[in-house]
Amino acid sequence: MTSTDVTETGVTESAATPLLEARELTRHFRVGRGFGRQMLHAVDEVNFTIGRQEIVALAGESGSGKSTIARLLAGVYKPTSGEILYQGRSTSTYRSRKDQLAYRGDVPMVFQDPFSSLNPAFRVSHGVLRSLKLHRPELSRAERFEEAERVIEAVGLSPAGDIMNRYPYELSGGQRQRIGFAQALAHKPKLILADEPVSMLDVSIRIGLLNLMAELRETQGVSFLYITHDIASARYVADRLMIMYAGHVVETGPTESVLQNPKHPYTDLLLGAVPDPRAPLSTGIEGDTGEPPKVIDPTPGCRFRWRCPLAIDRCHSETPLLRVLGKNHEAACHVAEPDAN
Amino acid sequence: MPDQLLEVRDLTVEYDTGDRPVVAVDRVDLDVHAGEFVGVVGESGCGKSTLLFAIAQLLSSPAAITGGTVRFQGQDLVTMTEKKLSALRWRDFSVVMQSAMNALNPVKSIGAQFRDTIRAHDEPVADERPAEVLRLVGIDPIHLNSYPHQLSGGMRQRAMIAMALLFTPDLIIMDEPTSALDVVAQRSLMVQIKELQKQLGFAVIFVTHDMSLVSHFSDKLVVMYAGQVVEFGDTRAVFDAPQHPYSAGLLDAFPSIRGPKVPLTGIPGTPPNLASPPPGCRFQPRCPKAFEDCPKIEPELYQVGAVQARCLLNVKEPVQERTS
């Protein structure tokens, strides 16, 4: 992890400070009650950074904790322990509503389901205008409309004036999801948390939204945390890839490095499962039913050990930590070998 | 052909919308032979699910079959009485729905739901059959006593498939059974379906919007667009050399994890409104290869090498004259 140079005031804007940094980020949920009370470890001691104008993909299966991370970053959940540093300052130090509002405007979220994330009773302009009113109160009414048109055009919908006056049911799934991005863009954000933004869409229009993310990074200068279970789409847009398994980040590194040279056996498994008509049918994961792990009151040890073909004794007693195994490439595995050089 | 299991001819389904009927499935032909795996792919709204429902005779108002025949083992399902159909369903063909999560009754155990299905048919079924089919799909028979909420998404889908196998039918119709699962579970389910198929010899019609998913599993591929079959042929042939620009577009729509990284464009535009389809070829407004004849002439399916494609670029001779 990058060493930080946070000053007492916590608002350093130096280039060395990552846009956002998660330190030992942990979130547990209580399940059951009374004597049956247990702790579900959704996210456990996760560290990562997101740079400016960087697209970071967070991949893993359902239940691995990827959405919990997005919600922690968005402030929907409070971390059980650990902290989130935004531009060098911990979000837990935000006391005033002004600070919180500024953070939420800078780090908005785009949701998975474009069919339920827009209010069906209002025109699509409603959400965009409301967030403009909330986050940029200095704008006049006319300026808000102008700004709304600008962001709707920025996400590739035109003519903006016409689209703004439509109701969500008049738009296709892909168009609705673009409105979701427009709402996020309205606050001039720094980092958009995109939680499976394309998984509900048809394959034929997914690529358009992925291209949109890459384009917005260039034109609007935003970073993305792209959460997905589709590694191929992560490769298409992301600079860096983080693989999550059962609440832990098990591998992280530059996208190509992770894909060409996966270190963690779980990454291997994920890659083998991606359907690819251009490649021969790979074997080796047969027999793995893809059952998500239970992370209720976990004992020490690697959480992947029951599914792992390479597990050794040590994996059952000691939780592996992320180790540097290649250039900017880390994996949490006792068995993985570092690069030769 | 002796092993012809299902023969769909000129099947047309219309939704009665009040003013003008919407033709959701337009004169579709489909053949399924015993033991064959047929993939049906297309975007949402292309009529692929409606086609499945029409084949299984599960359409409900306002949708109705307005023409064509569905011959299953020589009998026409369209004109069959509901009573006869009930006897056939589950026993000779079964349907696995898109969201198995919702297809199972939440207040009944898996075993009780299996017994319901068995009781609805006169067929004698051994007492151990439910445990047997659960084992087939890789679930411990102990889960016969479990309720759906106690199973994971992947297990519920497997339980649905187990139920479809109770009577060892000749045909299983699957409507996006893996769309709610993530990649590893999806992959494992596909491999399992294929293995069961080899073992038990049933035929599969598999509907999905993700063309890459069926690439390694299906024998035949049907590509649908706006209610019509636009390309049909052996899966490998379609993947190696798609003859319809729409199939080619679908193939280029998803990134690969291997090989060089290439910019992709997907398919621009949106599928047409079926209440007023565009003139001529229905794909013409979105087609990168459209030329002046495309809005004027409605293309038929043309034989191009090993596949059939509904594109004027391939005009040589129509596959067959249509009289109806």
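What follows is a conversation about a predicted model and the reasons behind some of the words used to describe it.

Colleague: What makes you speak of an ABC transporter domain in chain A?

Modeller: The name comes from the UniProt record, an unreviewed entry, whose annotation "domain: ABC transporter" covers residues 20–271 of chain A. Over residues 20–271 the chain is 40% helix and 25% strand, with the end C-alpha atoms 28 Å apart.

Colleague: How do you know what span to expect of helix α7 of chain A?

Modeller: The expected span is 1.5 Å times one less than the number of residues, and helix α7 (residues 203–220) of chain A has 18 residues, for which 26 Å is expected. From its first C-alpha to its last the helix reaches 26 Å, which is close to that expectation. Just after α7(A), G221(A) takes a positive phi of about 65°.

Colleague: Which residues of α7(A) are called buried, and what makes a residue buried?

Modeller: A residue is buried if 20 or more other C-beta atoms lie within 10 Å of its own, and the residues of α7(A) that are buried include V203(A), I205(A), R206(A), L209(A), M213(A) and L216(A). One of these, M213(A), is also in contact with Y226(A), as are I55(A), V56(A), A57(A), A194(A), A234(A), V237(A) and A238(A), leaving aside neighbours of Y226(A) within four places in sequence.

Colleague: How do you know that domain 1 and domain 2 of chain B touch?

Modeller: Two residues are in contact if their C-beta atoms lie within 7 Å, and 14 residues of domain 1 of chain B are in contact with 15 residues of domain 2 of chain B. On the side of domain 1 that touches domain 2, α7(B) gives the most, with six residues, and the residues of that side divide into twelve nonpolar, one polar and one charged. The centres of domain 1 and domain 2 of chain B, taken over C-alpha atoms, are 26 Å apart.

Colleague: Which element of chain B gives the most to the side that touches chain A?

Modeller: There, 34 residues of chain B are in contact with 35 residues of chain A, and α7(B) gives the most to the side of chain B, with six residues. By class, that side has 14 nonpolar, 15 polar and five charged residues.

Colleague: Why is D297(A) called exposed, and why is Q73(B) called partly exposed?

Modeller: A residue is exposed if 12 or fewer other C-beta atoms lie within 10 Å of its own; D297(A) has 12 and is therefore exposed. Q73(B) has 15 C-beta neighbours inside 10 Å, and since partly exposed covers the counts between exposed and buried, where buried begins at 20, Q73(B) counts as partly exposed.

Colleague: Where are cis peptide bonds found in chain A and chain B?

Modeller: In chain A, a cis peptide bond joins S158(A) and P159(A), with omega about -5°, and P159(A) is in the loop between α4 (141–154) and α5 (160–164). In chain B, a cis peptide bond joins S61(B) and P62(B), with omega about 10°, and P62(B) lies in the loop between α1 (48–55) and β4 (63–72).

Methods. Residues numbered from 1 in each chain as written. Chains lettered and ligands numbered in written order. Predicted model: local features only at pLDDT ≥ 70, side-chain atom pairs only at ≥ 80, totals over all residues. UniProt positions renumbered as here; feature names shortened; annotations may be inferred. Helix = DSSP H or I, 4+ residues; strand = E, 2+ residues; numbered from the N terminus. Nonpolar A, V, L, I, M, F, W, Y, C, P; charged D, E, K, R; others polar. Domains from an automatic or database assignment.
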